[in-house]
Amino acid sequence: MNLEEYFARTGYKGSTEKQDLETLTDIFQHHIRAVPFENLSIHCGEKITMELEQVYNKIVQRKRGGWCMENNQLLGWVLRCLGYDVTFLGAYVFNPHQNAYATIMTHLLVKVVVDGKAYIVDGGFGVSYQMWQPMELVSGKDQPQAPGVFRFTEQNAIWYLEKMRRKQHIPNQQFSNSDLLEKKDCRKVYMFSLEPRTMEDFRFQCTYLQTSPDSLFTKKSICTLQTTDGFRALIGWTLTETTYNYKENTDLVEFITLEDEEVEKTLKEKFNITLDRKLVPVNIKGSYTI
């Protein structure tokens, strides 16, 4: 495990000497544009582990992606190696289908303190809720980014993240009512406290999320990657390509349905992923929106 190999994986060629916000943002953006948020192992008969060496091997050496416990753990390791003040936090993800936050803490976050200010760095959420810049941990302040306007609010030591999106233009009208499309202009994303967490706090969740029939991740095969102007996502057989703000206050959302034989080729061409085992795509209707 070495930083040079990680930076070769993400394409980052900038400075590693300064522990400032600009460097943090640059490293973070290279990560989210090179490393997909994906759960494909579950649908290939592979087990997802939380051991850092295995996460490193999967993402850096095998050029795969991962979910939050992999992406953010690796990102946290990189930032710690560079001298940043890093703390892991745990979040409860909002389920729009149930209109409620999860009762299990399933999402791993990274808090980074730079020049006395705390920021949330989350490289493991994907689709349109993936932040593109570290978010200052301050309550009630709109923080506009390319994906939309993010905002934290704090009540009784619990922090809430929400995102306001733009209008969406969907050229392929047969997808205009897709359950993958977020219908609300403002969406709750997750809630968390500032209690420091360790990877041990996520061991049960790591098993649960990849085995329980109630888990979103067993119901959908997901691979998403941020681009320079939006993101792309392969959910089951549905490929989505989103361009942010392609015209004033409107995002372009393009849908295509793939045939079985197109899935593997699309993963290689659009996400730079080559799987060791056969993927069985899944997309059971449910609470995953873009």
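Predicted model: local features only at pLDDT ≥ 70, side-chain atom pairs only at ≥ 80, totals over all residues.
A salt bridge here is a side-chain nitrogen of Lys or Arg within 4 Å of a carboxyl oxygen of Asp or Glu.

Select Arg 187 and Glu 182 to begin. Their side chains meet in a salt bridge, at 3.4 Å from N to O. Arg 187 is buried, at 6% relative accessibility, and Glu 182 is also buried, at 6%.

Go next to Glu 162 and Arg 151, whose side chains form a salt bridge with an N to O distance of 2.5 Å. Glu 162 lies in strand S9 (residues 158-164) and Arg 151 in strand S8 (residues 148-155), so the pair ties together parts 11 residues apart in sequence. Glu 162 is buried, with a relative accessible area of 17%; Arg 151 counts as partly exposed, at 21%.

Now select Asp 276 and Arg 62. The closest N and O atoms of this salt bridge are 3.4 Å apart. Asp 276 is in the segment after H7, while Arg 62 is in the loop between helix H3 (52-61) and helix H4 (68-81), so the bridge links parts that are 214 residues apart in sequence. Asp 276 is exposed, at 59% relative accessibility, and Arg 62 is partly exposed, at 34%.

For a network of salt bridges, pick Glu 38, Glu 46 and Arg 64, which are linked in one.

Finish at Glu 259, Asp 260, Glu 261 and Glu 262, which form a negative surface patch. Within this group, Glu 261 is found in helix H7 (residues 260-271). Glu 261 is exposed because its relative accessible area, 62%, is over 50%.

How values were computed:
Residues numbered from 1 in each chain as written. Heavy atoms only, no water. Patch = residues over 30% accessible without salt bridge, like charges linked within 9 Å, V, L, I, M, F, W, Y side chains within 5 Å. Areas by Shrake-Rupley, 256 points an atom, 1.4 Å probe, with all protein chains shown as cover. Lys, Arg positive; Asp, Glu negative; His and termini not counted. Charge placed at Lys NZ, Arg CZ, Asp CG, Glu CD. Helix = DSSP H or I, 4+ residues; strand = E, 2+ residues; numbered from the N terminus. Buried < 20%, exposed > 50% of the residue type's maximum accessible area, 1.4 Å probe, protein only.
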